[in-house]
Amino acid sequence: MNVQALRSAEAKGTVDRLNFIGGEFVTGSGGKTFENRSPADGRLLGLVHEASEADVARAVAAAKSALTGPWGGMAITERVDLLYGLVDGINKRFNDFLEAECADTGKPMSLASHVDIPRGAANFKIFADIIKNVGSEFFTMATPDGTGAINYALRRPKGVIAVVCPWNLPLLLMTWKVGPALACGNAVVVKPSEETPSTATLLGEVMNSVGIPAGVYNVVHGFGPGSAGEFLTRHPQVDAITFTGETRTGEAIMKAAANGVRPVSFELGGKNPAIVFADADMDKAIEGTMRSVFANCGQVCLGTERVYVERPIFEEFVKRLKKGAEGMKLGRSEDPEVNMGPLISQEHRDKVMSYYKLAADEGATVVTGGGIPDMGEDLAGGAWVAPTIWTGLPESSRIVQEEIFGPCCHVQPFDTEEEAVRLANDTEYGLAAAVWTENASRAHRVAAQMQVGICWINSWFLRDLRTPFGGSKHSGIGREGGVHSLEFYTEMTNVCLKL
Ligand code: NAD
Ligand code: 6OD
């Protein structure tokens, strides 16, 4: 550990984030750092030590050698016990994780304490349970000589897994990959988002404290192109890449993965619809749509940005959604009344504001929001935007077609079930949908036609971690969750024995 770097940060009241390689916290060998700033008020949280190409190579080598050390030879029961230890370890330091996550993202503690951190821990438990209980395929076969043969499938770890993460749910989305990867016996090198370096780093401390062998979990900090993200994904000793982030980044990573034909698992962007039928329970539909549009300041890949409402209830729905949006309390994470934080960065705010401007230019009716709220002097340096609702744009509008990833949605009326299905599917993305109706037959009929990886009926972000999760079309490749994660994180060998 670079004690000098940490002392100087402490003296300034900030926390520096180091790389975690082979069980040790280290500065980048290139001596480069970058700033981690609060999106709530712009204050400096600390410096992040950027990994050089050589550091990334050392992390990959540490992971590789862990596979041939005690980790590689460990019985599943022992590995599972270590994963349960991680759950306890995160829970013991719950407040440290909560504070670090909220400092990096500005999200309300009321949200992160119920979603990000508990799920960050639960991801280790669910996959420990699954690997402990999963069986294997077995087939008997006839042979011409009459003796027969038996076949059984063995699962082997894939090797070194690169885990490239986004900033919107940092711990949750990182452990969603690291949990199954470790449960299956792999070693990982994690590249957290440059915006949210903290909880992945803290997890290194927990890994050491519970006795996960050195090299099994590594963290390299930095950016994408020309930095740790690119160095990691093009490293030839990386055996598979799991990535969550923008579709365009997925395309770049897929090119890197082509060298050496490395498998990828991609969870990418979305432009998710909600369909609200006139027979929906209006209270439930409003409550659910408020969450799906505005939770995490609209920075949830599964969030709703297009709402289709059956014409007889359109006006009432828009009126009630507007009232909800205008009742939201924006502010600091630690305020228990606050239910919306800032966007992740000034750069992302520029992107979201460019869409707010475009909507106005294209002639949208701005039902509410559309600008930057006055947050007072204290928060003037933050990346705040107003919760925003539009109506009146055509389907072809960029506002209705492109992922904005902010607290906003376009609401449009429809007249028939067929029209609603057609509009909902009219996108290059295929991640999630929400359908609001009290008619059970319609609910199942419509869900079956949604071209998405997950379709909620009368709910949103209700997650059973045993179920398949992922996206179709431009929203991803593959499914993770439950046994589906095992498909990605293991290689299967069929053993055929002639009797
Ligand atoms: P991003 O693609 O900009 O960055 C994600 C990660 O990739 C970061 O760690 C970044 O440093 C790294 N990266 C960037 N370019 C790279 C390159 N060329 N090579 C290797 N690594 C590179 O995404 P983001 O802005 O962090 O996250 C928001 C996006 O993520 C949205 O599009 C959202 O929909 C998507 N997302 C999808 C899911 C899902 O489950 N489908 C979940 C969360 C977020
Ligand atoms: O719940 C999950 O497992 C998951 N991957 C959620 C993704 C949220 C996107 O922002």
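Which residues are buried in helix 3? They are Arg 79, Val 80, Leu 82, Leu 83, Tyr 84, Gly 85, Leu 86, Val 87, Gly 89 and Ile 90. Buried means under 20% relative accessible area, exposed means over 50%, and partly exposed lies in between, with a 1.4 Å probe and protein chains only.

This is a predicted model, in which local features need pLDDT of at least 70, side-chain atom pairs count only at pLDDT 80 or more, and totals for chains, interfaces and linings use all residues. Residues are numbered from 1 along each chain as its sequence is written, chains are lettered from A and ligands numbered from 1 in the order in which they are written, and side-chain values use heavy atoms, with hydrogens and water left out.

Start with the whole protein. It has 17 helices and 22 strands. The radius of gyration is 24 Å, close to the 23 Å that the globule rule gives for 499 residues, so the protein is as compact as a globular protein of that length. That radius is taken over C-alpha atoms, and the rule is 2.2 Å times the number of residues to the power 0.38. Helices (H or I, at least four residues) and strands (E, at least two) are DSSP runs, numbered from the N terminus. Along the principal axes, the C-alpha atoms fill a box of roughly 75 × 70 × 40 Å.

Of the 499 residues, 57% count as buried. Contact means heavy atoms within 4.5 Å. Among contacts with a separation of 6 or more, 74% join residues 24 or more positions apart. The protein exposes about 19,800 Å², and carbon and sulfur atoms supply 54% of that area. Areas come from the Shrake-Rupley method with a 1.4 Å probe; for residues, only the protein chains shown count as cover. There are 47 positive and 60 negative charges, and their mean positions are 3 Å apart. Lys and Arg count as positive, Asp and Glu as negative; His and the chain ends are not counted. Each charge is placed at NZ of Lys, CZ of Arg, CG of Asp or CD of Glu.

Now return to helix 3. It runs over residues 76-92. At 1.5 Å a residue, its 17 residues should span 24 Å, and its end C-alpha atoms are 24 Å apart, which agrees. The expected span is 1.5 Å times one less than the number of residues. What covers its buried residues? The cover includes helix 4 (94-105), helix 6 (116-133), helix 7 (170-183) and helix 8 (198-210).

Helix 8 passes the same check on length: its 13 residues should span 18 Å, and its end C-alpha atoms are 19 Å apart, which agrees. Its buried residues are Ser 198, Thr 199, Ala 200, Thr 201, Leu 202, Leu 203, Gly 204, Val 206 and Met 207. Gly 211 follows helix 8, with a positive phi near 95 degrees.

Positive phi also turns up in residues other than glycine. Asn 296 has a phi of about 55 degrees. It sits in the loop between helix 11 (282-294) and strand 13 (304-310). At 8% relative accessibility, Asn 296 counts as buried. Phe 405 has a positive phi near 65 degrees. Its loop joins helix 14 (398-401) and strand 16 (408-414). Phe 405 is buried too, at 11% relative accessibility.

Strands 13 and 16 come back at helix 15 (residues 417-425). There, Glu 417, Ala 420, Val 421, Leu 423, Ala 424 and Asn 425 are buried. They pack against strand 12 (272-276), strand 13, strand 16, helix 16 (440-449) and strand 20 (472-473).

Move on to Ala 433, in strand 18 (residues 432-436). Is Ala 433 buried or exposed? It is buried, with a relative accessible area of 3%. Beyond residues up to four places away in sequence, Ala 433 touches Pro 273, Met 450, Val 452, Ile 454, Cys 455 and Trp 456. Phe 461 is 28 residues from Ala 433 along the chain, and their C-alpha atoms are separated by 10 Å.

Finish with two further residues. Gly 13 lies in the loop between helix 1 (3-12) and strand 1 (19-21). It is exposed, with a relative accessible area of 68%. Leu 497 belongs to strand 22 (residues 490-498). It is partly exposed, at 42%. Leaving aside neighbours within four places in sequence, Leu 497 is in contact with Ala 149 and Ile 150. Lys 329 is 168 residues apart from Leu 497 along the chain, and their C-alpha atoms are separated by 65 Å.
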